[in-house]
Amino acid sequence: MNALQQEITQLIIDTLNLEDVTVEDIPPDQPLFGEGLGLDSVDALELALALQKRYDIRIASDSKDARQHFTTVASLAAFVQAQRDACAN
Amino acid sequence: MMDFHIEQWRAWAPGLDSDDAWQAWATHPIIVPEGDAQPSCDFLSAMQRRRLSRLARMTLHVAWPLCGEDEQLPLVFASRHGETPRTFALLSEAADGQPLSPTQFGLSVHNAIAGQWSILRGQRGESVAIAGEADTFEHAMVEAAALLSEGAPAVLVVIAEERPPAAYDDWIDDVPFSYALALRVRGSDMADHAQAGERWQLRLENGRDHSADRTWPHALDFVQALYRRKDTLEHPWKTRRWIWQRVP
């Protein structure tokens, strides 16, 4: 798990108030929604808000790609990194 | 006149979480320190607890053991002030021009806790969420009496109040500390005499409230009466005089 993945995992735990859950409990490739961790659509909205605040990025809620980005911690980290790189250029 | 058979009850307040603690409080009632204590609700998984506010935890904590595993029970959830900390947090975010938390916004209705109870306990029957004045407790009992008269074998009544943020101090003066009380009630009939629990009658009379000083919130006063085996309680509010009478 890289540093950004670890940071995002902790953000998920803090934002969604997951008591007794540690970063180690959420592997980067575990699905966050449905059968995986078990998050739902309200969690997705909450998480999108937290990511936008923390990383100063934009997430279009109607984007077809959004669902893909939110699949796992790894895909979220890749998305955040890409957004940051785009801003840096 | 309403007749109730209170089969079981359970109360919680910060530091008051056992019969012994409540018994001691009933003997010498004090304003207990608020702190940030809340029931753990560890009968639920972390995923199930993630959206439970403090008031929701208090409600679930007192109500949980009063409903059987496979039982369907109508619920009356009563709170005069509701979740003031959540309301205040949302208003503060709005005032600062910040986006509102979707989770907090989604739960910012008076029946949110009744809904969470329904989901977590698989309750598919009726539930009522009410807010009244200082006699919200008695109005909750009126709701329970209505459900019982419609044929419900038993009703779960929860009254829960949370100490509001300091910003509300000028307006809210009847929540000395956070508390929740759950009662499992049935209608009273002759067959009940042999059964455990307590029988009480509640009636409403017209009157003027002349008492200058407020005592304890009605629900807490009732808890005190339960523990101290009092027989009669009078709860005046404005033009209403609620009279509780224990039936021997």
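Two strands pair if DSSP finds at least two bridges between them. With that in hand, the sheet of chain B can be followed strand by strand. The model is predicted.

Start at β1(B). It runs antiparallel to β6(B), and 5 bridges join the two. Here B:Met2 stands opposite B:Leu202 in β6(B). β1(B) is also joined to β5(B), by 8 bridges, and this pair is antiparallel too. In that pairing B:Trp12 faces B:Ala180 of β5(B).

Now widen the view. These strands belong to an open sheet of 8 strands in chain B, with the order β3-β2-β4-β5-β1-β6-β8-β7 and mixed pairing. β3 (127-130) and β7 (232-237) of chain B stand at the edges. Each has a single partner strand, so one side of each is left without a neighbour in the sheet. From one strand to the next, the twist averages 25°.

B:Phe77 has B:Ala129 in β3(B) as its bridge partner. β2(B) also runs parallel to β4(B), again with 4 bridges. There B:Leu75 stands opposite B:Leu156 in β4(B). Is β2(B) covered on one face or on both? Both faces are covered. B:Leu75 and B:Phe77 are buried on one side, and B:Val76 and B:Ala78 are buried on the other.

B:Thr232 has B:Gln245 in β8(B) as its bridge partner. The loop between β7 and β8 of chain B holds B:Lys238. Most residues other than glycine have a negative phi. B:Lys238 has a positive one, near 50°. B:Lys238 is exposed, because 11 other C-beta atoms lie within 10 Å and the cut-off for exposed is 12 or fewer.

Next, the helices of chain B. Helix α7 (residues 136-149) lies across β1 (2-12), β2 (75-78), β3, β4 (155-161), β5 (179-187), β6 (198-206), β7 and β8 of chain B. α7(B) runs at about 165° to β4(B). The loop between α7 and β4 of chain B contains B:Gly151. B:Gly151 is exposed, with 7 other C-beta atoms within 10 Å. B:Gly151 and B:Gly187 are 36 residues apart in sequence, but 9.5 Å apart in space, C-alpha to C-alpha.

Helix α3 (residues 54-63) of chain B has 9 of its 10 residues buried, so it is largely enclosed by the rest of the structure. Among the buried residues are B:Leu55, B:Arg57, B:Met58, B:His61 and B:Val62. What covers the buried residues of α3(B)? The cover includes β1, β2, α6 (112-121), β4 and β5 of chain B.

Two other helices cross. α1 (residues 19-27) and α8 (residues 218-228) of chain B pack at an angle of about 105°, with their axes 9 Å apart. α1(B) and α8(B) are therefore roughly perpendicular to each other. On the α1(B) side, B:Trp22, B:Gln23 and B:Ala26 meet B:Val223, B:Gln224, B:Tyr227 and B:Arg228 of α8(B). By class, this contact has 4 nonpolar, 2 polar and 1 charged residues.

What about the interior? In soluble globular proteins, nonpolar side chains tend to be buried together. The largest nonpolar core here has 51 residues. B:Val155, B:Val157, B:Val158, B:Ala180, B:Leu181 and B:Ala182 touch the most other members. Which residues does B:Ala180 contact, leaving aside its neighbours within four places in sequence? They are B:Ala11, B:Trp12, B:Met58, B:Thr59, B:Val62, B:Val158 and B:Ala160. A second, separate core has 15 residues, including A:Ile12, A:Leu51, A:Phe70 and A:Phe79.

Chain A has its own loop to note. A:Asn17 lies between α1 (3-15) and α2 (41-55) of chain A. Its phi is near 60°, a positive value in a residue other than glycine. A:Asn17 counts as partly exposed, with 14 C-beta neighbours inside 10 Å.

Finally, the chains meet. The contact takes 11 residues from chain A and 9 residues from chain B. On the chain B side, α2 (46-49) and α5 (102-106) each supply at least two residues. By class, that side has 4 nonpolar, 3 polar and 2 charged residues.

Terms used. Residues numbered from 1 in each chain as written. Chains lettered and ligands numbered in written order. Predicted model: local features only at pLDDT ≥ 70, side-chain atom pairs only at ≥ 80, totals over all residues. Axes fitted to C-alpha atoms, helices over the stretch in contact; angles between N-to-C directions. Contact = placed C-beta atoms within 7 Å. Core = buried A, V, L, I, M, F, W, Y, C linked by C-beta atoms within 7 Å. Buried ≥ 20, exposed ≤ 12 C-beta atoms within 10 Å, placed from the backbone. Nonpolar A, V, L, I, M, F, W, Y, C, P; charged D, E, K, R; others polar. Parallel < 35°, antiparallel > 145°, perpendicular 65-115°, else oblique.
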